Every structure is written in C-alpha cells, then in structure tokens.
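Please read it alongside the sequence and coordinates displayed below.

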Amino acid sequence: MAVRSGYTQANDAIAEFLVDIGRRKLIMPTYAALVQTPEGLQLAEETFAEARPGYHPITTGSVEAVIAEAKQAPAQ
C-alpha cells in the first residue's frame with residue numbers, strides 16, 4: 001500500500017524488506033508496484049543490486065524480468 005500510494009517515507013523499510021525476505025511470492029508484488037514510477041524503478045534497481053546475492057536464481061530471474069519490462073515500457 002505504501003508503494004502504490006507514493007508514501008516515500010517508507011522506502012527504507014521497503015528496501016529492507018526486499019533485502020531480508022527472499023521469498024518470491026512475497027517480494028514480487030512489491031517489485032511490480034515499485035516499477036510503475038521512475039522513482040520506484042530506481043529504488044527497485046538499487047535494492048535488487050543489494051539483495052540479488054541472497055535471492056534464489058528463479059527469484060532473480062523474475063525480478064530481472066519485471067525491471068527489464070518496466071525499462072522497455074513507454075514513460076507514463
């Protein structure tokens with residue numbers, strides 16, 4: 001809800017959650033919401049760079065796909 005509402009004061013907590021929790025079904029909705037805005041996409045990329053070593057390869061691929069798709073989409 002914090003991501004969708006643009007509540008940027010929660011960004012540190014969101015990043016911490018994404019780094020600490022590697023379970024795909026729990027983090028994918030957050031990444032999907034983040035990549036909807038340019039600021040969120042930047043946070044998603046920065047957080048993913050930190051979290052990537054702790055993610056399962058399938059999770060890594062899923063997050064990479066969401067980020068890549070967002071980068072290819074026309075600006076909203």
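Serine 62 is buried, at a relative accessible area of 14%; buried denotes under 20%, exposed over 50%, and partly exposed the range in between, with a 1.4 Å probe and protein chains only. The model is predicted, so local features require pLDDT of at least 70 and side-chain atom pairs count only at pLDDT 80 or more, whereas totals for chains, interfaces and linings use all residues. Residues are numbered from 1 along each chain as its sequence is written, and side-chain values use heavy atoms, with hydrogens and water left out.

**Serine 62 and arginine 24**

Serine 62 belongs to helix α5 (residues 57–72); helices are DSSP runs of H or I with at least four residues, numbered from the N terminus. Apart from neighbours within four places in sequence, serine 62 is in contact with Arg24 and Met28, where contact means heavy atoms within 4.5 Å. Arginine 24 is part of helix α3 (residues 24–34) and is partly exposed, with 40% relative accessibility. When residues up to four places away in sequence are not counted, arginine 24 touches Ile58, Thr59 and Ser62. The C-alpha atoms of arginine 24 and histidine 56 are 8.4 Å apart in space, although 32 residues separate the two in sequence.

**Helix α3 in its surroundings**

The buried residues of α3 are Ile27, Met28, Thr30, Tyr31, Ala33 and Leu34. These buried residues pack against α1 (2–5), α2, α4 and α5. Serine 5 lies in helix α1 and is exposed, with 56% relative accessibility. From C-alpha to C-alpha, serine 5 and alanine 33 are 9.9 Å apart, with a sequence separation of 28 residues.

**Salt bridges**

How many salt bridges does the model contain? The count is two, under the rule that a side-chain nitrogen of Lys or Arg lies within 4 Å of a carboxyl oxygen of Asp or Glu. In one of them, glutamate 45 pairs with lysine 71, and the closest N and O atoms are 2.6 Å apart. This pair links distant parts of the chain, 26 residues apart, with glutamate 45 in helix α4 (residues 38–51) and lysine 71 in helix α5. In another, arginine 52 pairs with glutamate 64, and the closest N and O atoms are again 2.6 Å apart. Arginine 52 lies in the loop between α4 and α5 and glutamate 64 in helix α5, so this pair ties together parts that are twelve residues apart in sequence.

| Residue | Relative accessible area | Class |
|---|---|---|
| Glutamate 45 | 28% | partly exposed |
| Lysine 71 | 52% | exposed |
| Arginine 52 | 40% | partly exposed |
| Glutamate 64 | 32% | partly exposed |

**Negative surface patch**

Which residues form the negative surface patch? Asp12, Glu16, Asp20 and Glu50 do so; a charged patch joins like charges within 9 Å, from residues with over 30% relative accessible area and no salt bridge. Asp and Glu count as negative, while His and the chain ends are not counted. Helix α2 (residues 11–20) provides the largest share of the patch, three residues, and glutamate 16 lies in this helix.

Key:
Patches are made of residues with over 30% relative accessible area and no salt bridge: like charges are joined within 9 Å, nonpolar side chains (Val, Leu, Ile, Met, Phe, Trp, Tyr) within 5 Å. Accessible areas come from the Shrake-Rupley method with a 1.4 Å probe; for residues, only the protein chains shown count as cover. The place of a charge is taken as NZ of Lys, CZ of Arg, CG of Asp or CD of Glu. Helices (H or I, at least four residues) and strands (E, at least two) are DSSP runs, numbered from the N terminus.
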